[in-house]
Amino acid sequence: MRIFNTMAAHAIPLVPRSLIRKISRRYIAGETLGDARTRIHALHAAGFRTTVDVLGETASSAEQAESMAREYLNLIEAFGAQNERTELSIKLTALGLHLDEGACMERVSVILREAISRGISACIDMEDTRFTQKTLDAFLHLEADGYLVGIALQAYLARTNDDIAPLVARRSRMRICKGIYAEAKEHLVDGASTDRAAINPHFIRHVSTAIQAGSFVGIATHDAQLIDTLTHWLRSERIDRSRFEFQMLLGVCEPLRDALLAQGFNVRVYVPYGHDWYGYSTRRIKENPRIAGYILAAMMWRDRSR
Ligand code: FDA
């Protein structure tokens, strides 16, 4: 079955966009800000925290980066007006980090200033290794300027062992995730290129070190075994629940997410929306162990509906 799933994941570029779009409805709130507001309102009513992400990867021009910044400002205004205390997720390359660092930092600062004035926090997503150092530098800069901001760290990267040390020392706010990009083996912790479970000891060490040092930590994973180990540790150490939260992606492992909430943990759901749904959705589909089944079912549905 694993081989079948892997083959199906490689076949994704061959799957018609219309099918990817149907499957992606599970992973994104919709294409508009209104869609995101509706979904986030419902999640808040159910007791979840939320992070909102405007879909869109690396900007290819200053105009595109500006347009992304405007979308974030519209979002802040809309959520601020409704008093919805969401968190922003920000990809720095979508704001032009690779085009003009200064202009990107200016855009992020405007967004964060506006967000703070509306009681909205933010987290900087971590992208692929071409941007790791620049993202860390940008984060440290923003944090030193007093912005209410956190950063995502990827436990699959060997360098995270060193990168996390100064952040722990500063009690920075962080989200620990496994990491999603297809990186060369030399960047990864041992075994991670073939086995996602090999990342777990590193993930656990980062979470426990950061929490013990006093950082607020977002534990961003759907790995049931990893969550089980961490909840045992959190309980045995009597860690106050205000010092961490679990985080999951919209549409992924919802029963596990609901069970954590029912146990009294804080749980944040990452809610992406926007027109640029293809890249995000195909990454989620590739991660899904039942991908082959979904794709086959979707293809059958499509054939029947013709
Ligand atoms: P793993 O990949 O080992 O999956 C464990 C289990 O979870 C699977 O066996 C399956 O049961 C289930 N599962 C995982 N993905 C699924 C899917 N799409 N559909 C159905 N089931 C699925 N990455 C990054 O590089 N930079 C970032 O900034 C972020 N930010 C971020 C925020 C939040 C809130 C989350 C939850 C995740 C991220 N990620 C990320 C993505 C993260 O690095 C990782 O790729 C995914 O969370 C999947 O890894 P898991 O930890 O869930 O484990």
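**Strand pairing and the ligand shell**

Modeller: This is a predicted model. Let us begin with the sheet: β7 and β8 run parallel and are joined by 4 bridges. In this pairing, L249 stands opposite Y270 of β8.

Colleague: Which strand is joined to β8 by 6 bridges?

Modeller: Strand β1 (residues 49–54) is joined to β8 in that way, and the two run parallel. Here T50 stands opposite V269 of β8.

Colleague: Are the faces of β8 covered or uncovered?

Modeller: Burial is judged by relative accessible area, with under 20% counting as buried. In strand β8 (residues 267–273), 7 of 7 residues are buried. V267, V269, V271 and Y273 lie on one side, with R268, Y270 and P272 on the other.

Colleague: Which elements each supply at least two residues of the shell around the ligand?

Modeller: They are β4 (149–154), β5 (173–177), β7 (244–249) and α11 (277–287). The largest share, 3 residues, comes from β7. In total, 26 residues surround the ligand, and K178, G179, T221, H222 and E287 are the closest. By class, the shell has 13 nonpolar, 6 polar and 7 charged residues.

Colleague: Why does the ligand lie between domain 1 and domain 2?

Modeller: Both domain 1 (1–28 + 277–306) and domain 2 (33–273) give residues to the shell, so the ligand lies between them.

Colleague: Which side chain has an N or O atom 2.7 Å from an oxygen atom of the ligand?

Modeller: That side chain belongs to T221. The protein covers 88% of the 930 Å² of accessible area that the ligand has on its own.

Key
Residues numbered from 1 in each chain as written. Predicted model: local features only at pLDDT ≥ 70, side-chain atom pairs only at ≥ 80, totals over all residues. Heavy atoms only, no water. Near = heavy atom within 4 Å. Polar contact = N/O pair within 3.5 Å; in protein donor to acceptor, adjacent residues only side chain to side chain. Areas by Shrake-Rupley, 256 points an atom, 1.4 Å probe, with all protein chains shown as cover. Nonpolar A, V, L, I, M, F, W, Y, C, P; charged D, E, K, R; others polar. Domains from an automatic or database assignment. Buried < 20%, exposed > 50% of the residue type's maximum accessible area, 1.4 Å probe, protein only. Pairing = 2+ DSSP bridges.
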